[in-house]
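Thanks for passing this one along. Here are a few friendly notes to read beside the structure.

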Amino acid sequence: MSMTQLPLRAQLASALGRSAATLSRLTGRGDGSVIGGRVGLMLEPDLLRQLARDKKLALVSATNGKTTTTRLIVSALLEMGEVATNAFGANMPAGHVSALSQGKEAPYGVLEVDEKYLPEVLDTTGAGVLCLMNLSRDQMDRAAEIWLLAQKWRRALSGKPTHVVANCDDPLVTWGASTAASVTWVAGGQRWKEDSWCCPECGGPLDRKDTDWACRECTFHRPEPHWVLDDTFAVDRHGRRWQLDIQLPGLANRSNAVMALAVAEAFGLPVERALPRLREVKSVAGRYTTVSRDGRDARLLLAKNPAGWLEAFDVALGASDGPDPAAAGLPPVRVSPVILSVNAQGPDGRDTSWLWDVDYRILRGRNVFVTGERRLDLALRLDVADVPFVLCDSFSAALAMQPPGHVDVIANYTAFQQIRQEFGRAV
Amino acid sequence: MPSDSAVRIVWIYPDLLSTYGDQGNLLVLEQRAARRGIPFESIRVRSADPVPETGDIYLIGGGEDRPQILAAERLRKDGGLHRALARGAAMLAVCAGYQIMGSTFGGEEGQPVQGLGLLDISSGRGSVRGVGELVAEVDSALNLPTLTGFENHMGVTRLGPGVKPLAKVVTGVGNGDGFEGCHAGHVVGTYLHGPALARNPALADLLLRWAVGSELAPLDDSRYEALRQERLTAVASR
Ligand SMILES: [Zn+2]
């Protein structure tokens, strides 16, 4: 729908929302995506519904990988036309209003949606496609309980025509998606399993064999996947194997890429056109970017919860990228140091208990540097895991201690943003 | 415990009740036993498996409403924990795990659900969520330093005459009556979730002492102390 087709009140609300966003950006108070949307929603609560009405819309939700997968899907759909999206990760309704206002003429929309808001946003927008990747424990003092979340997804999907693209390797996601009218099941892998040992349907034990899983006490089991992530390949529903070859590192991003390909398919976009677009994405909101100072090249990895730390370890320790050097007859990869930074401000969750859910023993044998506002929590955690480390007062101090060359930085949300800030958000 | 056998630490149902870093309590006990050369054996009991009754220290953690109800049903049916505590085993019960130790607790809609009846307490659902740092002065009978940790729950727990409050709340919510947690015999219940023992190593040592039956060698606790002081100072300066 073009601007002129929107009801007058919605036009006004949308326009005012955009000027508030501009003001917010000009005054340097933010990227404007939230405040603009809030002004818009205040003037017209139904604005989101109206803005979404004539778009082909995909919603993306998960505990981890929302922003990256949204970006990958956008990149793919750009092959077909303009795409409206909340690129700044403002993933609640105000951010959605802002995103759709700014891309009003775009025929397509891809919105990252906070897990809790998904039922509401699905109801309001009537999105045709929903992409669900994973569900695991998050900062519990601010995030919702995940069994409850999956239950709410089920209710929201029931009776709607929405097509779901869901990761069938995650039992809780599978359960959450299984009331949908139609589903593309993607075997996207599941590294973090600590939240899915029990059947969400009946509470019985889930038996696992390789990637397969099934409840011992009821009929709930892993659906047959249409798409499979096989290490560095995507296998589509016709059995064709596609070397992913994306620039974003790590297994989690290859999983995100297969999800994106399956979503693109749901929009009628074939792999041969979508995949080259995915390969163009280098970094997402600063994640995976390398910043340099005084000969040190620091790669920035964001990890907000235990599952996110596993993914970051995978990238930082290079466990699954490229050929095994020994097998390929290459010299061993130099073990690069790791800087860890942890805060506990509002967006991080004020509770640092989750540190105890992360298995840090994998860092043994690395040079580990610890900083951030809650470095003493992390210090004790590493001490108990028998991981030697150096405690640093600041990120700059930690970086200054590095030899020239590559260093990986793993930080949670506000710690990550502080580091980006230090480098002028040029990333 | 005979001196030639290991301290058996049993973590009950990590597949259902392990939402808030509960693994930390096990890891801290293991570290403090290991550093003293006390042999130990850790057993993680999945909810589909029987609870061994020959453990020395039992741990049970926090979780969501549905897993909490499932865990209570299974533990009632299993009976292993009941027999272990009757033998005098030590236990730390945390948050949802603390609530199910009592006669009743609040279910998904606040409905009363039958607990294990192992502690003389009953819990229900309060009207506000208690989220944040908790500071409390421990019952002098236990001779422990200030209790510090993080709570996140909507529970309200009433203590019966069969238990004593674990600590008097200075900052935070706890049971909702000015006290936090409870203790009876060798069983301690608390709303401090996750790594409560990481923030309170003296409480970890109390459990170990009960299990070993003798005094423990002192450890260098500077890492623990640094964290404790930082958190206590942060709370006091708010
Ligand atoms: Zn089942």
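Leaving aside neighbours within four places in sequence, which residues is B:His193 in contact with? The points below take that up; please keep in mind that this is a predicted model.

1. **Contacts of B:His193.** From chain A, B:His193 is in contact with A:Asp351 and A:Ser353. From chain B, the contacts are B:Tyr20, B:Val94, B:Cys95, B:Phe150, B:Glu151 and B:Asn152, again leaving aside neighbours within four places in sequence. With A:Ser353 there is also a polar contact between side chains, at 3.4 Å.

2. **Setting of B:His193.** You will find B:His193 in the loop between β11 (187-190) and α5 (196-199) of chain B. Its relative accessibility is 2%, so B:His193 counts as buried.

3. **The annotation.** The unreviewed UniProt entry places the feature "active site" at B:Cys95 and B:His193. These two positions are spread over 99 residues of sequence, yet they cluster in space, with a largest C-alpha distance of 5.8 Å. From this set, B:His193 is part of the lining of the second largest cavity.

4. **Setting of B:Cys95.** The loop between β4 (90-94) and α4 (96-100) of chain B holds B:Cys95. Is B:Cys95 buried or exposed? Buried, because its relative accessibility is 5%, and the cut-off for buried is under 20%.

5. **Contacts of B:Cys95.** Not counting residues up to four places away in sequence, B:Cys95 touches B:Gly62, B:Asn152, B:His153, B:Thr190, B:Tyr191 and B:His193.

How values were computed. Residues numbered from 1 in each chain as written. Chains lettered and ligands numbered in written order. Predicted model: local features only at pLDDT ≥ 70, side-chain atom pairs only at ≥ 80, totals over all residues. Heavy atoms only, no water. UniProt positions renumbered as here; feature names shortened; annotations may be inferred. 1 Å grid on protein atoms, 1.4 Å probe; cavity = no way out; pocket = protein on both sides within 12 Å on 5 of 7 lines; lining within 4 Å. Helix = DSSP H or I, 4+ residues; strand = E, 2+ residues; numbered from the N terminus. Buried < 20%, exposed > 50% of the residue type's maximum accessible area, 1.4 Å probe, protein only. Contact = heavy atoms within 4.5 Å. Polar contact = N/O pair within 3.5 Å; in protein donor to acceptor, adjacent residues only side chain to side chain.
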